[in-house]
Amino acid sequence: MKKALITGGVFAMLSVAIGAFGAHALKGILGANAATWETGVQYQMFHSVGILVCGLLLMKERSRLYASAAVLFSIGIILFSGSLYALSITKISILGAITPFGGFAFLVGWLCLIIGAARQNSFFSRY
């Protein structure tokens, strides 16, 4: 739980810093790849929030599914967003081959979160 909250917070903070760095310091370097950079930043922030949600859910119930979702979101950020950042700066197109693996990690992470939530009867019975 604590690791998920810290990890989510660090990834969220880094997405703000990376977004600002790309918008200002790398503006001339990114050129046409600025949209690719921004996609990496957006997905990093979305999944940082997902990791934070997992951490909060883990405070309510210890669940391998929530913990797995947090790990998969972290792997997804590294592979998906990381490959987009590298692709944007280096313009080495083969780096785009890594991106789908990160996307797959995101999808499986969301599936774990959904299954974990569906199994948690006490959470939904209050709403």
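Against which elements do the buried residues of α1 pack? The buried residues of α1 pack against α2 (27-30), α3 and α4.

## Model and conventions

The structure is a predicted model, in which local features need pLDDT of at least 70 and side-chain atom pairs count only at pLDDT 80 or more, whereas totals for chains, interfaces and linings use all residues. Residues are numbered from 1 along each chain as its sequence is written, and side-chain values use heavy atoms, with hydrogens and water left out.

## Overall architecture

The protein chain contains 6 helices and 0 strands, and the order of its elements from the N terminus is α-α-α-α-α-α. Helices (H or I, at least four residues) and strands (E, at least two) are DSSP runs, numbered from the N terminus. Taken along the principal axes, the box filled by the C-alpha atoms of the protein chain is roughly 50 × 25 × 25 Å.

Of the 127 residues of the protein chain, 37% are classed as buried. Buried means under 20% relative accessible area, exposed over 50%, and partly exposed in between, with a 1.4 Å probe and protein chains only. Among contacts (heavy atoms within 4.5 Å) between residues at least 6 apart in sequence, 72% join residues at least 24 apart.

The 23 residues of α1 should span 33 Å at 1.5 Å a residue, and the C-alpha atoms at its ends are 33 Å apart, which agrees. The expected span of a helix is 1.5 Å times one less than its number of residues. The buried residues of α1 are Ala4, Gly8, Phe11, Ala12, Ser15, Gly19 and Gly22.

Helix α5 has 21 residues and reaches 31 Å from its first C-alpha to its last, close to the 30 Å expected at 1.5 Å a residue. Buried positions in α5 are Thr99, Gly102, Gly103, Ala105, Phe106, Gly109, Cys112, Leu113, Gly116 and Ala117.

## Nonpolar cores

A nonpolar core is a set of buried Ala, Val, Leu, Ile, Met, Phe, Trp, Tyr and Cys residues joined through side-chain atoms within 4.5 Å. The largest such core has 18 residues, of which Ile51, Cys54, Tyr66, Ala69, Phe73 and Leu113 touch the most other members. At least two residues of this core come from each of α1, α3, α4 and α5 (99-119), and α4 gives the most, with 8 residues. A second, separate core of 5 residues includes Leu26, Leu30, Val41 and Tyr85.

Within the largest core, Cys54 is one of the residues that touch the most other members. Not counting residues up to four places away in sequence, Cys54 touches Tyr66, Ala69, Ala70, Phe73 and Leu113.

## The largest pocket

The largest pocket holds about 230 Å³ of space. On a 1 Å grid over the protein atoms alone, a pocket is an open set of points where a 1.4 Å probe fits, with protein on both sides within 12 Å along at least five of seven lines; lining residues have an atom within 4 Å of a point. Grid points are joined across faces, edges and corners, and a volume is the space filled by probe spheres set on the points.

The lining consists of Met1, Lys3, Ala4, Thr7, Ile51, Leu58, Arg62, Ser63, Ala67, Ala70, Val71 and Ser74. Two or more lining residues come from each of α1 (2-24), α3 (34-60) and α4 (64-90), with α4 giving the most, at 4 residues. By class, the lining divides into 7 nonpolar, 3 polar and 2 charged residues. Here Ala, Val, Leu, Ile, Met, Phe, Trp, Tyr, Cys and Pro count as nonpolar, Asp, Glu, Lys and Arg as charged, and the others, Gly among them, as polar.

## Individual residues

Ser83 is found in helix α4 and is buried, with a relative accessible area of 4%. Leaving aside neighbours within four places in sequence, Ser83 is in contact with Ile78, Leu95, Ile98 and Thr99. The C-alpha atoms of Ser83 and Ala105, 22 residues apart along the chain, are separated by 14 Å.

In helix α3 lies Val49, which counts as partly exposed at 41% relative accessibility. Its C-alpha atom is separated by 8.8 Å from that of Phe11, 38 residues apart along the chain. Lys91 lies in the loop between α4 and α5 and has a positive phi of about 60° although it is not a glycine. The relative accessible area of Lys91 is 45%, so Lys91 is partly exposed.
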